[in-house]
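Subject: Structure handover

Hi there,

Here is the structure I promised to pass on to you. Please have it open while you read my notes.

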Amino acid sequence: NRIQAVEMLAKYQATNSEVGPLCSFIGHNWEWRWREKPILDFLRAVAKNNPDRAIRSQAIFGLGRVYASKSAELVELENWGTAPFFTTGSTINLSSELVEFGSSQSAAAEAERQLQDVIANYTDCRDLRDHGLKPEAPLLKTEAEQELSELLHLSLGKVAPDIEAEDVDGKKFRLSDSRGKLTVLSFWASWCGPCMQLVPVERALNERMHDKPFAIVGVNGDAIQSDAKHAMERERMTWPSFWNGKGGPSGPISSAWNVHDWPTVYVLDAGGIIRFKFTGYGNPTSNVLNGCVDELMAQLK
């Protein structure tokens, strides 16, 4: 299986000149709910022993991503308990995770150390994932800066950065206007099928919470402002949405929040602290979003 393969790679292939793309793939795509120790052993061995500087940079970046991902998982477990509603049936056990990673804070500190290493010492190295050494491949330093910014400012347990921008009608408002309320911040666009599938779930949730301290705030990623307005009218989206600007999905708000997947949804508690985040939309999403809101709302009482 994959874990056994990684164990063999760590033991015999850490100095191989072909492992760079694999290190990059692991850093970007691995399923973190698998056993992480063999992954860490492999990346550490490559970072320490591979003679190729570009390959070492991929392994160091991968270590940063592993620790950042694990920090996010540990925050969930520390905040919600050993069996929060959205990990029901999961094999994750807080006590065993702490043996390898320590607390969420210690995992975040290690992630920051690895990402800072990439930023400081590998400024010219490029992402090898699906790119090889083509000159148009993104700089790993840029990706590390984005990951570090998300870790420091947008991870669970952090106070959400404020947003001040115009809505789809040109009226300015702030995300912090909803402080004191449990707030769902949803990045959506009319061109995004999964986003529009999520809208009825959000609409029903908004109606169910009409007499509670609750708000939904959207960030719209349509490049044409009228497309956003028409979609909101058609779908009866009565909550406000910031407009991300003419750049559409690459506009200033989504860039500041490091949003690449649409939809991306944050749930903020009444103090503006990020308590939950998910990307994409699938069948379990309705139960997860509603369950998260219900549990946080119960804490306000």
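Predicted model: local features only at pLDDT ≥ 70, side-chain atom pairs only at ≥ 80, totals over all residues.

Residues are numbered from 1 along each chain as its sequence is written, and side-chain values use heavy atoms, with hydrogens and water left out.

The protein has 11 helices and seven strands (DSSP runs numbered from the N terminus: H or I of at least four residues for helices, E of at least two for strands). Of its 301 residues, 50% are buried, meaning under 20% relative accessible area with a 1.4 Å probe and protein chains only, where over 50% is exposed and in between is partly exposed. Among contacts (heavy atoms within 4.5 Å) with a separation of 6 or more, 69% link residues 24 or more positions apart.

Now the helix pair. Helix α6 (residues 104-121) packs against helix α7 (residues 140-153) at an angle of about 155 degrees, and their axes are 9 Å apart. Axes here are lines fitted to C-alpha atoms over the stretch in contact, with angles from 0 to 180 degrees between N-to-C directions. The two helices are therefore roughly antiparallel (over 145 degrees; under 35 is roughly parallel, 65 to 115 roughly perpendicular and the rest oblique).

Next, the strands, which pair if DSSP finds at least two bridges between them. Strand β6 (residues 264-268) runs antiparallel to β7 (residues 274-279), joined by five bridges. Five bridges also join β6 to antiparallel β3 (residues 182-188). V267 stands opposite F276 in β7, and V184 stands opposite V267. L268 has I274 in β7 as its bridge partner. In the β6-β7 hairpin, with five residues between the strands, G272 takes a positive phi near 80 degrees.

How many of the five residues of β6 are buried? Five of the five, so β6 is largely enclosed by the rest of the structure. T264, Y266 and L268 point one way, and V265 and V267 the other.

Best wishes
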